[in-house]
Amino acid sequence: MQNRRQWMKLATAAIAALWLGAAALPTPAAAAEKLTVFAAASLKNALDAANAAWTKEIGKEAVASYAASGGLAKQIENAAPADIFISADLDWMDYVAKKNLIKADSRTNLLGNRIVLVAEKDKAKPVEIKQGFDLAGLLGDGKLAMGEPKSVPAGKYAMAALDKLGVWKSVETKVAGAESVRAALALVSRGEAPYGIVYQTDATADKGVAIVGTFPAESHPPIIYPVAILAESKNPDATAYLDFLKSDRAAAFFTAQGFTVLK
């Protein structure tokens, strides 16, 4: 009888511990409070500032994961958990849209940008970017840093511009294709490539480089950053966050980094 009483006490204590443990676990609602944003690498400085303002304003956290748009689109396709996707071009947003991975009615064009030619700051000299300009001669034996032309939006814009200006074939074999625009920028900043083609906003964010020329807007397709809520998002704050990104409050953070806010 004594053993049975001891066993009952132990069982009761174990059940109580299980209940206490369950109560300590985060509830689904609490876990959902953190909003996850998949964003193009070129947005880092501006979006970090905007997210900090969002957190201060409503008391909830928005966490951004930055990479090349194509890589993020593939992660979304493979069911990576996220709530918002901001691409650096229309193509990769179209890619996920065609697979019904976004809420179509939430999609909007958020920002615009420019592409520029950059050089290491201490060696920078102005370059006139025009039809047939001698980029190959400027590079010499060096490499041209840019996003991978087949997958990274900044690289696709750069290749389109160089092709339109009639210089792509002369530099094609000199291209050092990077996994993201920020990776391409780093090659120039570290002196590993004499020139690079990046977004104007990235060049502004890196004190180790200087802009030596700006590509004519008509030399490449418009640079547009679309944004959308992902189809699998259950976060109740996703719509409010998207509205915040489109607001004048957030616009200040984007324009400070050189983006054009699209209305």
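**View 1. Aspartate 91 counts as partly exposed, at 48% relative accessibility.** The model is predicted: local features need pLDDT of at least 70 and side-chain atom pairs pLDDT 80 or more, while totals for chains, interfaces and linings use all residues. Residues are numbered from 1 along each chain as its sequence is written, and side-chain values use heavy atoms, without hydrogens and water. Buried means under 20% relative accessible area, exposed over 50%, and partly exposed in between (1.4 Å probe, protein chains only). The side chain of aspartate 91 meets that of lysine 156 in a salt bridge, with N and O 3.2 Å apart. Aspartate 91 belongs to helix 5 (residues 90-98) and lysine 156 to helix 7, so the pair ties together parts that are 65 residues apart in sequence. Lysine 156 is partly exposed, at 21% relative accessibility. Helices (H or I, at least four residues) and strands (E, at least two) are DSSP runs, numbered from the N terminus.

**View 2. Arginine 107 and aspartate 94 form a salt bridge, N to O 2.8 Å.** The pair links distant parts of the chain, 13 residues apart: aspartate 94 is in helix 5, and arginine 107 is in the loop between helix 5 and strand 4. Arginine 107 is partly exposed at 27% relative accessibility, and aspartate 94 is partly exposed at 27%. A salt bridge is a side-chain nitrogen of Lys or Arg within 4 Å of a carboxyl oxygen of Asp or Glu; the structure has 13 salt bridges by this rule.

**View 3. Salt bridges that share partners join Lys74, Glu77 and Lys99 into one network.** Within it, the side chains of lysine 74 and glutamate 77 meet at 3.9 Å, N to O. Both residues sit in helix 4 (residues 69-77), three residues apart, or about one turn of the helix. Lysine 74 has a relative accessible area of 39% and is partly exposed; glutamate 77, at 32%, is also partly exposed.

**View 4. Tyr157, Tyr199, Tyr225, Phe254 and Phe259 form one aromatic cluster.** Eight aromatic pairs are found in the structure. The ring centres of tyrosine 157 and tyrosine 199 are 6.4 Å apart and the planes lie at 65 degrees, so this pair is edge-to-face. Tyrosine 157 is in helix 7 (residues 153-164) and tyrosine 199 in strand 8 (residues 195-199), 42 residues apart. Tyrosine 157 is buried at 6% relative accessible area, as is tyrosine 199 at 1%. Tyrosine 225 and phenylalanine 259 are also edge-to-face, with centres 5.4 Å apart and planes at 90 degrees. Phenylalanine 259 lies in the loop between helix 12 (248-256) and strand 11 (260-261), and tyrosine 225 in strand 10 (residues 224-229), so the pair ties together parts 34 residues apart in sequence. Tyrosine 225 is buried at 0% and phenylalanine 259 is buried at 4%. Rings of Phe, Tyr and Trp (its six-membered ring) pair with centres within 6.5 Å; planes under 30 degrees apart are stacked, over 60 edge-to-face, the rest tilted.

**View 5. Six strands make an open, mixed sheet in the order 2-1-3-10-4-11.** Its edge strands, strand 2 (62-67) and strand 11, each pair on one side only. Strand 4 (residues 108-112) runs antiparallel to strand 10 in a pairing over four bridges. Asparagine 109 has proline 226 in strand 10 as its bridge partner. Strands pair if DSSP finds at least two bridges between them.
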